[in-house]
Every structure is written in structure tokens, then in C-alpha cells.
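Here is a model to read step by step. Keep the sequence and the 3D view side by side as you go.

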Amino acid sequence: MTLPFALNIPYIAVALLILLGLYAVIFKRNLIKIVIGITLIESGVNMFLITLGYRKGSIAPIYTSSPGGIMALPVPQALTLTSIVIGVAVLALMLSLVIHLYRHYNTLDVRKIGGGKE
Amino acid sequence: MSWDAIFPQISTGSGFWSPLVWSGAILIILLIAIGIRRLGRKDYKEKTGQTQVFLSGNPEYEKEQMHVKASNMYWGFMESMKWLYKYLNKMHTGVASDYILWFIVVLAVLFILIGVM
Amino acid sequence: MNIYEILLTNSPALIVAIPLLGAFLTPLISRINGKLRNLFAISVLGLTGFFIFWLAANIFIGKETFSYVFGGVETSTVIRIIFEVDALSIFMAIIAIILAFVGTVYSWAFMKDNTGLDKYYTLILLMTTGMLGMVLTGDMFNFFVFLEITSISSCALIAFRTNQGFAIDAGFKYIVISAIGALFVLFAIALLYSQYNALNMAVLANAIKYDFVDKIALVLLVGALAMKAGIVPMHMWLPDAYGRAPAPISLILVGVTQASLYGVLRVVFTVYGGISEILKVNAYLSLGTIVVILAIATMLVGVIMALKQFDFKRMIAYAAVAEIGFMILAIGTGLYLVGVGSLGADMAFKGGVFHIINDALDIGLLFLVAGSVYYATKETSLDKMGGLARNMKYTTIFFIIGLLAVAGMPPMNGFASKLIIYESIYQASPLLSIVAILSSIMLLAVFVKVFHSAFLGPAIPKFKNVKEAPKSMLLAMLLIACLIIFFGLFPDFIINNIVEPATNVLTGGVLS
Amino acid sequence: MKDEGMSRIVKTITSTIFPFIFIYGLYIIAHGHLTPGGGFQGGAVVASGCVMILVAYGSVWMMKKIKEKNLSVLESLGAIGFIGLAFLGLIFGEVFFSNYFANSKFFLFGEEVTFGVPEFANINTAGILPLMNFAVGLKVIAGLFAIVLIMAYATSKNKEGE
């Protein structure tokens, strides 16, 4: 790879975040931790998108009052914003469901709730 | 007018399927069946001793108890397929984490099959 | 330009925008009157349906594709949201709008006693927006956004009865599954964007090279969307979600899973349809084999699990899993036959695409029947039912129609598509046909069990005074039943006019 | 009633800071077409200010002041404003979402954009974009605050029940 190592660090962080999130979702039993795992995966994906648009030494992509020079790519940032907005909605929905689940089952252990067992 | 226009059909490669022809055939068969039924005995009467249930002399149960419940149906099939149901029941744990685990496993298998091949 | 042309050219946008506007007007109208709100939701969906059928008539007769650029005409410089509507998109949109419309009509009486109905109708309209957006869009990221809109609203609807713990449990599982699936889709889209600097499907299809990163993106997209389509072994959320949602929601959820299946088709045939010939043969052989294996697993696990259920809706949900297996079996075999170079692929795709609409109608009708049985008896377990045919004549007739259709008995629509599927997959391997016919027979067995235990038999004293379902529910079931019989009696009309153009979209990228 | 909020110090400081947060959020919404930010970000800032008050004064007090129904009406109004502006594009510009105000010399946000390197960007530009930002901002403020309010209220009721 011709890229210097420092530029690869964000990608390593992305992989770590996604793997950490998956670990939390699969192996943790607490519902809140599962929700946290999902948000971790989401941050990983968002970070990946942001990293794609980054150029070294670039400025914010504001068109009218730019001092000149290379700009960061604005499209991934727009995508990330959309993804964050969606993430907020999903997070709110999940947390409210967790509140309801706790009311009904008096536990947050995903294996104790587990309806739909055959 | 051609045959196709009167009885539209779909070709399946090695044959054809025309529901209207089929409906005509089933109508004819139905007529024949009714004809055969009319040949039957005329002295059958409902709600007389003729229609009472005879269970080898045992008393007849209440009607509600005679109904075969859903979980009792296909008992033989379930019994003979027990070995399969054992694994399938183990698979369906009803836990969200396991669902994601299956997803990751499928992703890994797909990746090996598509990425390497 | 007269008003007629303006409306026609703008109809791709209007199809998505009208239910969206309706969704946010619903809470305001709900403050005036409950009945007005129900009428409003139905008429919004009716208007959307009008635009869809108008556009469909133009696409199927005029053999053209409509593309629509949001916010302007100049496309060269800026990335814009583009809708590309071809025959396959409008085919799926027709399914989505039929299901949403029927579900809303059915909800009138079914959800009468629930509170929070303004949110219910808002969410149904949002869900419809999401489904229609998913099938009409020509942009990968936009697809992701609509996928999330659909997931969020359908999750809230699954967990709508918050006084039932298991409904919330199913909703939570559904949102976990769809959130993670959608994030993987987004990751794959980001990979494709990093490769080709484009999000538009057509642009991607022209640029795609099918190298290592593209393969990763393909695996992520197909895997995540297959999970949302409920393919074994990622189907476990489906019985939970279908079985615990209110019946009209189960009906519309069938459309959601099929929109995800549409996503798989779009990715494989359009986005990855532009790869070079040699790579294509290789890719389609391996992908076809995998899909066929998954399809066999889906069919068998679906029917075998359905056979042991005694909860009415959960049983139908497993049957729905099996039906999905039929579709992807046909499509996987088609891919395989393309890879081999056989001519039978066209027929297989045709059967698969035709089965999509048949499955939506059949399974949908059965869910509605299950809903009206629940409405009448307040009972979900088949063990406690019996003799319902005495009091619920019309529901029983609709159930028989659904049973025959889902089991692939002539002259219903299920038979026409399944016959095509059996005969086309026979060319790949006779064994496949045998497995498919076997699972179809087992589906018949599953629903004969329901028929026997719920509708036949002596009248259970508890249900002596059971009433027939209300008129709006019967009307909804009648609509679907009429469509089923029409599709069954005139399959050639449907295949030649609707299915064939939709199939050509798939095969156009493959069999060139 | 247990749920009476936090101490007097917290309440006083919160009420002092809240106007600044509110104005800052509105600033971000209003400048959405010129600087990074916009409806969602500004709305999130304002909503978090409201949540701060919610935390300080307690959800029961807040529920008395603001009805959740009114919030959802505001939210719907924001969404309708956004889609309605898009529909107006269909009427005036013949394309959905078309920006018919931009550079049209209309008195509201209709001035022409000057390219180059000006000292300050002109806020009175960009057509319907700022209006859409306002609509989205309204929706996000109402929506996010309603979510947190309902969650807080539900959990506090839960505690009382035990």
C-alpha cells in the first residue's frame, strides 16, 4: 500500500467499531447493551462514510465563501447526516421498546424474555 | 377464431395449462358424480335410528370431545420426524442475538463461496 | 404541456409524495373525527393506487421506462435523487399498493376498539411510502433510506398492541434485525461509492468491475436483504413478527418482505448485471447454486415447522417462509441455467416473478382470514377452536379459496405459477421439482389441518354465538379473493401483459 | 409526589442558560443553507435544551405544562410544511422539490447568490431551502422532545407503581 499508515487508522477503527458492536449484539444478554452494540455498528459505518470523503488538508465544502484549496467531498457527509438522523429514530424506537419490555417481563435479560421459542 | 383465443392458455415449455378447459372438465366430472349419486338408495332418512353412531357398543362421547384438536393431528408424522424436529427446535431459540449470529454465519459462508470461487 | 402530461411525468414522485403528505395530515384530521380519518387514509391510498395503475398502464402498454429527477432537470453536475420506474418496479408497486389498500380497508373494523389509531394510520401510510420508495428508486442510498423508513414504521406497527408483551418482543427482534441489516446495506453502499464514486444504480451497473471489494459489497447486500426477505436460516424473526402483529399489518408486512426480495433482484440483476461475460457466467453459477440451496432449505424448513404449529397466524407465517422459498428457487434456478447457458432460464424467471404476486395475494388472504377468526373468537390457538364454519360462512369460503391457492391447486393462481416453476426447474434437475412438489403437498396438509380443526367439527359451546366478521373485513377479503380467482382463471392475460415485461427487466441484463 | 426535579441551584442555572441554547439552535437552523448545520442539527440543539429543563424540573411538571398531543401536532405541521413546499415546487416549477424561489428576486430568500470570496455570505438567498430548514427544525424540536418527554414520563410512572 502506498498510503501512509496514519491514513489507515480510521479504517482500522471502523473495523474495530463494527466488530465490537457485533460482539455486543451477539454475546451480551442485557437489552441495553444490545442497543449500544447497534449504535456502535452505526458509528462504525458512519465513520467509514466520513473517512471516504476526507482528503488530507482539505477544508469544509462551503461553496460561496471558500478561501480556495481542496475541499472534503460533501456527498458522504450528507449521507452520514441522513444516516445519523435515521439512527436517532431507530435508537428512540428501540429504547422505548426496551422500556415496554421491562414493564412486561421485569427483566432485561434477552434470553429470559425470548418468546417465540419452538 | 382460433382455439387459443377461445380458451387462452399458458405454455410451460413442455405442455400447456388452460384453466377454462380445466373448469369445463371439472364441471363435466361434477355432473357425472351427481348422476352416480342419484343412483343411490332412496330410503335413507335423517334423524332416525339409521344415522346413529355405533362404536362397538361403547357409549358415544359428547360431540365436543370427539373433535380432534390441532396439536393431535399428524401425530404419526411428528413421531417419525422427531429426529429432525429436535434440531429444528434447537435452532429456533427466539433470542434476537442468535438471529444475528445466524446472519453473520450466512454472511461468512456466502463470502467464502462468492469471494473465493 | 397540459395538466394531463404534467401529472403523468410527475407521477413517480407523486406516488411516493401523496402517502407521505397523507401520513402527516392524518393526525390533524384525526382530531376532527375518527371515521373521517379512516376514510381519508383509504382515499389517500386509493389516489396513490390510481397514479400507480395509470403509470403501470403507460409502462406495460408503451414499453417505456420513466425516470424522474427530483428538484430539477439538469442532471450532469450534481448528485440528485433519481427515480427510475421500469416494469419490475411498477409490478412491485402494484403489489404494495394492493396490500396496503386492502389492509387499510380491513383495519376499519378490525382495529375499531384500539386506542392511538391516528398513529396507526400514520404509520401505515409511512410504511406504504417506504415500500413504494424502495421499489421505485434508482439510487442506492435512497433505497437504504426507504428501507429504514419501512423498517421503523413496520416495527412500530408490529409492537402496536403494547399491552401484549409478546408483541413488543417481536417488535424488538424485528428492529434489531432490520437495523443491523440496514447498516450492512449502508456499509456495502459505502464500499460501492468508494469504488465508483456513484450512487445511481445505472451508473454503477456501467462501471462495475466485479473485483474483490465489489464481491464483499455483493455479499453484504445480498445477505442483509435476504435476511429481511426471511430466507432460511435467517427467517426466525418472521414467524414472530407476522404472528404477533395485528392481522392487517401481517398482510402489509408480506409486501415489505417482498420489497426486500426486490432489492436482492435489483442488486443482482441491475447493479451487478453490467459485469463482463466471462465473470458473469462464473458469478451466476456460484450465486445460482447458493440460492438454490438456500431455497430448498427455506421451503422444507418452512413447511416442516408450519406442520407442527398450532397458533393460526404463526402457522401461516411459516407457510409464508415456504412460499418465499418457491420464489427464490425459481430465481436461483434461472441464474444457474443462465450460467450453464440453457434456454430455460427465461421460463424460470417468469415463474418466479409471477409467484411473487401470487404469494402476496394467497398468504395475505390467509392472514386476513386468521384476523377475522381472531376478531370473532378472540382466540389464536387452533386447539381451542372448532366448528366455526357453522357461523362464519363467508370467512370459511375465503379460507378455502386461500387454502387452494396457497397449496397450488387448480384453478387458483398458485397453481399457474407453481406449474411454471416445476417445469422450468425440471430442466436443471428433476430432484428440485420433486422437492418443490413435495413441499407444496405439505403446504396443503398444513392448511387442511387448520380447516379441520378450526372450521369443521362440532360447534364448541363457547363459540355457539360467534358472529360473522364485519362488512369491511369481508369486503377486504372479497377483494383479494376476486383477484386470486381472476389470476387463476386468466393466467395468460397476467403473464403476457404484466409478468413478461417485468421478467424482461431481469433477463434484459442477463440474457443479452 | 416524588418526581419534583432537582435542586434549586440546578433549576436556576438551567433557566438562565436555556434562552442561549434556544437562540443558538435557532441560529443553526436559520443558517442551514450557508454553514454546516440545518434543520436537524439546530432542532437537536433546541430539543436538548428543552430536555435539560425536563431533567431539571422533572417530567411530571413538564407534562403539566406541555401536552404531548400538542407536540405531535407541531411535528405534523413541520412535516406538512416540508412536503407542502415540495408540492409547491410541482405547481410553480413543474418538478417536485424544485427550488423556484432561488435567485428569483423574491423578497424572502430570493436574492442572487454572489460567488467568490465575500466577507459574509448573504443569508437572504437559497430560495425554499431555509424555509424547508425551518419546517424540519420545527419537526425535529417537537419530535425529539416528545420522544424524551414520553420516555421520561413513562419511566417515572413506572417507578411510582412499584
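Chain A has a mean pLDDT of 84, and 87% of its residues reach 70 or more. Chain B has a mean of 82, with 90% of its residues at 70 or more. For chain C the mean is 88, and 97% of the residues reach 70 or more.

In chain A, helix H2 (residues 31–53) of chain A is highest at a mean of 91, and helix H4 (residues 110–113) of chain A is lowest at 84. In chain C, helix H3 (residues 87–110) of chain C has the highest mean, 93, while strand S1 (residues 66–69) of chain C has the lowest, 82. Where pLDDT is low, the predicted coordinates should not be read in detail.

Now look at chain B. What does its secondary structure come to? The count is 6 helices and 2 strands. Read from the N terminus, the order is α-β-β-α-α-α-α-α. Of the 117 residues in chain B, 13% count as buried.

Next, see how the chains meet. Which two chains share the most contacts? Of the 5 pairs of chains in contact, the answer is chains B and C. Here 41 residues of chain B are in contact with 51 residues of chain C. Several helices of chain B each supply at least two residues to this side: helix H2 (19–38), helix H3 (63–66), helix H4 (75–80), helix H5 (82–91) and helix H6 (96–116) of chain B. H6(B) gives the largest share, 12 residues. By class, the side of chain B that touches chain C has 29 nonpolar, 9 polar and 3 charged residues.

Other pairs give other pictures. Chain C also touches chain D, in a contact that takes 14 residues from chain C and 15 residues from chain D. The chain C side of that contact has 11 nonpolar, 3 polar and no charged residues. Chains B and D are another matter. No contact joins chain B and chain D, and their closest C-alpha atoms lie 23 Å apart.

Zoom in on helix pairs. Two packed helices are described by the angle between their axes and the distance between the axes. Take H6(B) and helix H11 (residues 277–308) of chain C. Their axes come within 9 Å and cross at roughly 155 degrees. An angle over 145 degrees counts as roughly antiparallel, so H6(B) is roughly antiparallel to H11(C). The crossing of H6(B) and H11(C) is right-handed. On the H6(B) side, the contact is made by Leu110(B), Leu113(B) and Ile114(B). H11(C) brings Ser286(C), Leu287(C) and Ile290(C). By class, this contact has 5 nonpolar, 1 polar and no charged residues.

A second pair sits within chain C. H3(C) and helix H13 (residues 345–377) of chain C pack at an angle of about 5 degrees, with their axes 11 Å apart. Angles under 35 degrees count as roughly parallel, so H3(C) is roughly parallel to H13(C). From H3(C), the contact uses Ile95(C), Leu99(C), Tyr106(C) and Phe110(C). Their partners in H13(C) include Ile356(C), Ala360(C), Gly364(C) and Tyr375(C). The residues of this contact divide into 9 nonpolar, 2 polar and no charged.

Finish with two single residues. Cys50(D) is found in helix H2 (residues 39–57) of chain D. Is Cys50(D) buried or exposed? Count its neighbours. Cys50(D) has 23 other C-beta atoms within 10 Å. A residue is buried at 20 or more, so Cys50(D) is buried. Cys50(D) and Phe145(D) are 95 residues apart along the chain, yet their C-alpha atoms are separated by 6.8 Å.

Pro10(A) lies in helix H1 (residues 5–27) of chain A. Pro10(A) has 15 C-beta neighbours inside 10 Å, so it counts as partly exposed. Leaving out residues up to four places away in sequence, Pro10(A) touches Met47(A) and Thr51(A).

How values were computed. Residues are numbered from 1 along each chain as its sequence is written. Chains are lettered from A and ligands numbered from 1 in the order in which they are written. This is a predicted model: local features need pLDDT of at least 70, side-chain atom pairs count only at pLDDT 80 or more; totals for chains, interfaces and linings use all residues. Two residues are in contact if their C-beta atoms, placed from the backbone, lie within 7 Å. Ala, Val, Leu, Ile, Met, Phe, Trp, Tyr, Cys and Pro count as nonpolar, Asp, Glu, Lys and Arg as charged, and the others, Gly among them, as polar. Helices (H or I, at least four residues) and strands (E, at least two) are DSSP runs, numbered from the N terminus. pLDDT is the predictor's confidence in each residue, from 0 to 100. A residue is buried if 20 or more other C-beta atoms lie within 10 Å of its own, exposed if 12 or fewer, and partly exposed in between; C-beta atoms are placed from the backbone. Axes are lines fitted to C-alpha atoms, for helices over the stretch in contact, and angles run from 0 to 180 degrees between N-to-C directions. Angles under 35 degrees count as roughly parallel, over 145 as roughly antiparallel, 65 to 115 as roughly perpendicular and the rest as oblique. A crossing is left-handed if the near helix is turned anticlockwise from the far one by less than a right angle, and right-handed if clockwise.
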